[in-house]
Amino acid sequence: MILKGKVFISTVSINKSFEIRNIFEPLGAKLVDFPMTSFIEANKSKEIQSSVNQIENYGWIVFTSANGVKYFHNLLYEITGLPSIPPEVKIAVVGPKTELELKKYGRTATYTGSGTTAENMVNELIEKKLVQNCRLLFPLGNLAPENTQTTISEVAEVTRINVYETVKSGATDNNPIELIKNKYYDLVLFTSPSEVVNFVETIGPAYINREIKSASIGKVTTKAAEQHGLNCLITAETSTYEGMADEIQNYYYKSKN
């Protein structure tokens with residue numbers, strides 16, 4: 001196993017830790033948890049309550065993450081008592097993992113994006129003319145960029161509601177910090193820009209430099225790492241844990257040969 005004995009410091013939230021471990025540990029890597037983010041349900045604002053109460057008036061609900069599915073359904077049940085989205089409302093999801101989360105609530109996706117990004121899915125919905133002149137609801141996190149709904153708003157009526165918030169986890173375990181400072185690790189794994197920002201704040205500016213070795217789940221996260229003075233050695237082409245693992249294995253294979 002090419003990753004046997006490698007020590008990776010994972011910055012994903014605790015509730016996602018088991019997912020990334022299930023990918024990397026069978027490949028021989030040791031993962032050290034250093035969670036930089038956590039997720040909380042958004043406050044039930046008047047806008048959220050109004051949108052959820054009018055759910056049957058939307059032609060489509062568009063989910064760009066499994067978190068969006070989870071927290072939207074929590075709010076749906078709290079506000080309306082409905083356990084799942086009414087069958088007449090169509091649902092688009094960004095990929096298989098988001099669809100899997102949706103199935104927990106008794107629905108299957110009307111459309112599943114063929115790629116791994118929200119941008120890909122939105123472009124496909126437009127190209128296939130599935131959402132023209134429809135009312136769309138986007139349940140997102142507070143840090144989700146506006147580009148997806150901005151793009152699709154050219155052909156449809158779009159409402160965005162932030163159903164969850166990404167916050168700094170407040171990690172207190174100093175062991176990962178010591179591993180980094182003493183260079184007893186191989187890579188720091190980043191899966192979002194917010195993890196990068198919180199990592200820099202937690203480690204402290206004095207210890208942030210391009211000698212810190214890291215890998216990222218995609219180009220947006222790599223850009224954030226570079227902007228904050230980190231050296232991203234590896235960027236996954238496919239923005240999933242599996243894609244990240246493949247890219248890391250390729251990196252070490254090439255380094256060895």
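**Reading the aromatic rings**

F8, F24, Y251 and Y252 form one aromatic cluster.

Modeller: Before we start, this is a predicted model, where local features need pLDDT of at least 70, side-chain atom pairs count only at pLDDT 80 or more, and totals for chains, interfaces and linings use all residues. Residues are numbered from 1 along each chain as its sequence is written, and side-chain values use heavy atoms, with hydrogens and water left out.

Biologist: Okay! How many aromatic pairs does the structure hold?

Modeller: Rings of Phe, Tyr and Trp (its six-membered ring) pair if their centres lie within 6.5 Å; planes under 30 degrees apart are stacked, over 60 edge-to-face, and the rest tilted. Here you get eight aromatic pairs. One of them, F8 with Y252, is stacked, at 6.4 Å centre to centre and 20 degrees between the planes.

Biologist: Where in the chain do F8 and Y252 sit?

Modeller: Helices (H or I, at least four residues) and strands (E, at least two) are DSSP runs, numbered from the N terminus. F8 is in strand β1 (residues 7-10) and Y252 in helix α10 (residues 241-256), 244 residues apart, so this pair links distant parts of the chain.

Biologist: And is F8 buried or exposed?

Modeller: Buried means under 20% relative accessible area, exposed over 50%, partly exposed in between (1.4 Å probe, protein chains only). F8 has 0%, so F8 is buried; Y252, at 11%, counts as buried too.

Biologist: What about F39 and Y164?

Modeller: That pair is edge-to-face: 5.8 Å centre to centre, with 80 degrees between the planes. Both F39 and Y164 are buried.
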